[in-house]
Amino acid sequence: MNIVIAPDSFKESLSALEVAKAIQIGFSRIYPNANYQLVPMADGGEGTVQSLTDATSGDLQKTSVIAPLGNVVDAVWGISGCTG
């Protein structure tokens, strides 16, 4: 049996990859011999950069930037890895 697990992230708590791994753990209790394909997804909102870097074995980066109101905040951005 082949099972594809393709979740979005759980806002501010789990990345899409972490959600996929948690679902796989649960499914594995019922279907221990299945082949699992984890495909973290994103809808373009928060979590999109994380999903893209996870999918390509890339790296997340953090840079301090000036926000629209003049305060300094950390911006997260990613570098895509090799896709094979």
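## Confidence in the model

The protein chain has a mean pLDDT of 90, and 98% of its residues reach 70 or more; pLDDT is the predictor's confidence in each residue, from 0 to 100. This is a predicted model, where local features need pLDDT of at least 70 and side-chain atom pairs count only at pLDDT 80 or more, while totals for chains, interfaces and linings use all residues. Residues are numbered from 1 along each chain as its sequence is written, and side-chain values use heavy atoms, with hydrogens and water left out.

## The overall layout

Start with the parts: the protein chain has two helices and four strands. Here, helices (H or I, at least four residues) and strands (E, at least two) are DSSP runs, numbered from the N terminus. Read from the N terminus on, the order is β-α-β-α-β-β. The radius of gyration is 16 Å, well over the 12 Å that the globule rule gives for 84 residues, so the protein chain is more spread out than a compact globule. That radius is taken over C-alpha atoms, and the globule rule is 2.2 Å times the number of residues to the power 0.38. Along the principal axes, the C-alpha atoms fill a box of roughly 55 × 30 × 15 Å.

What about inside and outside? Buried residues make up 20% of the 84 residues in the protein chain; buried means under 20% relative accessible area, exposed over 50%, and partly exposed in between (1.4 Å probe, protein chains only). The protein chain exposes about 6,000 Å², and carbon and sulfur atoms supply 56% of that. Accessible areas come from the Shrake-Rupley method with a 1.4 Å probe, and for residues only the protein chains shown count as cover. Of the contacts in the protein chain with a separation of 6 or more, 44% involve residues 24 or more positions apart, a contact being heavy atoms within 4.5 Å.

## Helix α2 and what follows

Which residues of α2 are buried? They include T48, S51 and T53. The buried residues of α2 pack against α1 (16–30), β3 (59–66) and β4 (72–79).

Just after α2 comes S57, in the loop between α2 and β3. Phi of S57 is near 55°, a positive value in a residue other than glycine. S57 counts as exposed, at 62% relative accessibility.

## The loop between β1 and α1

E12 sits in the loop between β1 and α1, and here too phi is positive, about 60°, although E12 is not a glycine. For background, most residues other than glycine have a negative phi. At 78% relative accessibility, E12 counts as exposed.

S15 is found in the loop between β1 and α1 as well. Is S15 buried or exposed? S15 is buried, with a relative accessible area of 16%. Leaving aside neighbours within four places in sequence, S15 is in contact with S9, Q50 and D54.

A42 lies in the loop between β2 (35–38) and α2. A42 is partly exposed, with a relative accessible area of 33%. Beyond neighbours within four places in sequence, A42 touches D8, G47, T48 and S51; of these, T48 and S51 are buried in α2. A42 and A67 are 25 residues apart along the chain, and their C-alpha atoms are separated by 24 Å.

Over in strand β3 is D59, which is partly exposed with a relative accessible area of 48%. Not counting residues up to four places away in sequence, D59 touches T53, W77, G78 and I79. D59 and S80 are 21 residues apart in sequence and 6.8 Å apart in space, C-alpha to C-alpha.

## A nonpolar patch

Which residues form a nonpolar patch on the surface? They are M1, F27, I30 and Y31, with about 440 Å² of accessible area together. Patches are made of residues with over 30% relative accessible area and no salt bridge, where like charges are joined within 9 Å and nonpolar side chains (Val, Leu, Ile, Met, Phe, Trp, Tyr) within 5 Å. A salt bridge is a side-chain nitrogen of Lys or Arg within 4 Å of a carboxyl oxygen of Asp or Glu.

M1 belongs to the segment before β1 (2–5). M1 is exposed, with a relative accessible area of 59%.
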